[in-house]
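Hi,

Here is the structure I promised to pass on.

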Amino acid sequence: MIHTVKIDDGFPSGKRLLEELRRHRKAVEFENPTKNGVIPEGYMTVDEFEKQAIQMVHKFCDEHGID
């Protein structure tokens with residue numbers, strides 16, 4: 001049976017769990033959604049980020065009278 005688990009590595013216990021799981025390569029497989037081309041919900045591509053960042057900079061400059 002395969003189980004899907006989400007672990008938040010922002011906490012010490014999450015980091016410890018990941019370290020422990022990495023020791024068991026035969027039983028545990030880590031998936032990287034970016035390798036198979038599936039972008040998780042809420043994430044953006046580099047191109048999307050760049051466009052949004054440029055728009056935000058232009059908006060900030062316009063609001064504060066910066067040329």
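Buried here means under 20% relative accessible area, exposed means over 50%, and partly exposed is in between, with a 1.4 Å probe and protein chains only. Helices are DSSP runs of H or I with at least four residues, strands are runs of E with at least two, and both are numbered from the N terminus.

Before going further, a word on the basis: this is a predicted model, in which local features need pLDDT of at least 70 and side-chain atom pairs count only at pLDDT 80 or more, while totals for chains, interfaces and linings use all residues. Residues are numbered from 1 along each chain as its sequence is written, and side-chain values use heavy atoms, with hydrogens and water left out.

Back to α2: the helix covers residues 46-63 and reaches 26 Å from its first C-alpha to its last, close to the 26 Å expected at 1.5 Å a residue. That expected span is 1.5 Å times one less than the number of residues. After α2 comes G65, with a positive phi near 65 degrees.

Next, the largest pocket. Its volume is about 980 Å³, and 19 residues line it, with T4, V5, E29, F30 and E31 nearest its centre. The lining splits into 10 nonpolar, 4 polar and 5 charged residues. A pocket is an open set of points on a 1 Å grid over the protein atoms alone, where a 1.4 Å probe fits and protein lies on both sides within 12 Å along at least five of seven lines; lining residues have an atom within 4 Å of a point. The volume is the space filled by probe spheres set on the points. Nonpolar covers Ala, Val, Leu, Ile, Met, Phe, Trp, Tyr, Cys and Pro, charged covers Asp, Glu, Lys and Arg, and the others, Gly among them, are polar.

F30 is worth a click. It sits in the loop between α1 and α2 and is partly exposed, at 38% relative accessible area. R22 lies over the face of F30, 5.1 Å from the ring centre; the rule asks for NZ of Lys or CZ of Arg within 6 Å of the ring centre and within 35 degrees of the ring normal.

In the segment before α1 (12-22) you'll find H3, which is exposed at 60%. From H3 to V28, 25 residues along the chain, the C-alpha distance is 9.9 Å. K6 is in the segment before α1 too and is exposed, at 83%.

Cheers
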